[in-house]
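Please examine the chain shown below together with its sequence.

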Amino acid sequence: MNAEIAQLVSLQELDLEIDKIDNEIKQEQEALDERIKKLAEKEAYINTLTEQIDVLEKERRTLEDEMADKMAHVKDRQSKMMQVQTGREQTALLKEIEDAKKSAKESEDRIVELMEKIENLSNEATEEKNLLKGEKKLVSEETEKVRKAIEKINKGKKEKTAVRDKQATEINSRLIKKYNTLRKHRNGLAVVNVNDGVCQGCFMSLPPQQFNILLRGDQMLDCPTCQRMIYYKELETAEQ
């Protein structure tokens, strides 16, 4: 294998290990972020329940005041029944009393309905608050675990990055630039093996003449399809 390609292959192995570490950190953080997001959603739901309860309570209090006024009006009209002097006045008062009682009854029914809704919502809010309290405690513990896990992972990353950076300084700067560009645009793989004449980056066949040159191992070649830098190394079999 060409010496410069060998250096790049070794560098890429380190970079792939660092990529793996970055993915581990990302997965740990994303899992925690998802739990924190669900906590926020639960808190928002509890706030919605509380707002609904407040609205219903306000309506209940308004209806209770209105009902008290209506009943006071009924008593007032009833007290005037003894003072009426004509049948027409009596009929008008009786109708007024009846309408007020009917309206008060409707308010009372609505108040009972509201109280049932308020009770159900309050019970649900209490249950959700209790669940949230427990989940917050678990997430707090999980946050500390993730922090320690990421700290440990980062320590390993730091050691590998130091080795990687030292190794990179020993490679031609032009090659490093090409290598970095290819890694950025080719899913992290800048240098790939060719197996049976097939590039293991894009899985397209090389022209036979180019593959024969590659087998000699004395030149740096690029895949004509994906432009990755290519090399040939015989794959190890199970027996080997």
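**Helix packing and the sheet**

Helix α1 (residues 3–79) packs against helix α3 (residues 173–185) at an angle of about 40°, and their axes are 12 Å apart. α1 is therefore oblique to α3, since angles under 35 degrees count as roughly parallel, over 145 as roughly antiparallel, 65 to 115 as roughly perpendicular and the rest as oblique. Axes here are lines fitted to C-alpha atoms, for helices over the stretch in contact, and angles run from 0 to 180 degrees between N-to-C directions. The helices (H or I, at least four residues) and strands (E, at least two) are DSSP runs, numbered from the N terminus.

The model is predicted: local features need pLDDT of at least 70, side-chain atom pairs count only at pLDDT 80 or more, and totals for chains, interfaces and linings use all residues. Residues are numbered from 1 along each chain as its sequence is written, and side-chain values use heavy atoms, with hydrogens and water left out.

The crossing of α1 and α3 is right-handed; a crossing is left-handed if the near helix is turned anticlockwise from the far one by less than a right angle, and right-handed if clockwise. From α1, the contact (heavy atoms within 4.5 Å) involves Glu-4, Leu-8, Leu-11, Gln-12, Asp-15, Leu-16 and Asp-19, while α3 supplies Leu-175, Ile-176, Tyr-179 and Arg-183. By class, the contact of α1 with α3 has six nonpolar, one polar and four charged residues. In this classification Ala, Val, Leu, Ile, Met, Phe, Trp, Tyr, Cys and Pro count as nonpolar, Asp, Glu, Lys and Arg as charged, and the others, Gly among them, as polar.

Gln-12 lies in helix α1. Is this residue, Gln-12, buried or exposed? Gln-12 counts as buried because its relative accessibility is 7%; buried means under 20% relative accessible area, exposed over 50%, partly exposed in between (1.4 Å probe, protein chains only). Beyond its neighbours within four places in sequence, Gln-12 is in contact with Tyr-179, Arg-183, Gly-188, Leu-189, Ala-190 and Val-191.

α1 also meets α2: their axes come within 5 Å and cross at roughly 165°. The two helices α1 and α2 are therefore roughly antiparallel to each other, and α1 passes α2 in a left-handed crossing. The contact of α1 with α2 has 36 nonpolar, 14 polar and 28 charged residues. Ile-153 belongs to helix α2 (residues 87–169) and counts as buried because its relative accessibility is 16%. Its contacts, leaving aside neighbours within four places in sequence, are Ile-21, Glu-24, Ile-25 and Glu-28. Although Ile-153 and Glu-28 are 125 residues apart along the chain, their C-alpha atoms are separated by 10 Å.

The sheet comes next. Its four strands form an open sheet in the order β2-β1-β4-β3, with mixed pairing; two strands pair if DSSP finds at least two bridges between them. The edge strands, β2 (198–199) and β3 (221–222), each pair on one side only. β3 and strand β4 (residues 229–231) run antiparallel and are joined by two bridges, with Leu-221 partnered by Ile-230 in β4. α1 packs on this sheet, touching β1 (191–195) and β4, and the direction of α1 makes about 105° with that of β4.

Three bridges join β1 to β4 in parallel, and Asn-193 stands opposite Tyr-231 in β4. β1 and β2 pair in the antiparallel sense over two bridges, where Val-194 has Cys-199 of β2 as its bridge partner.
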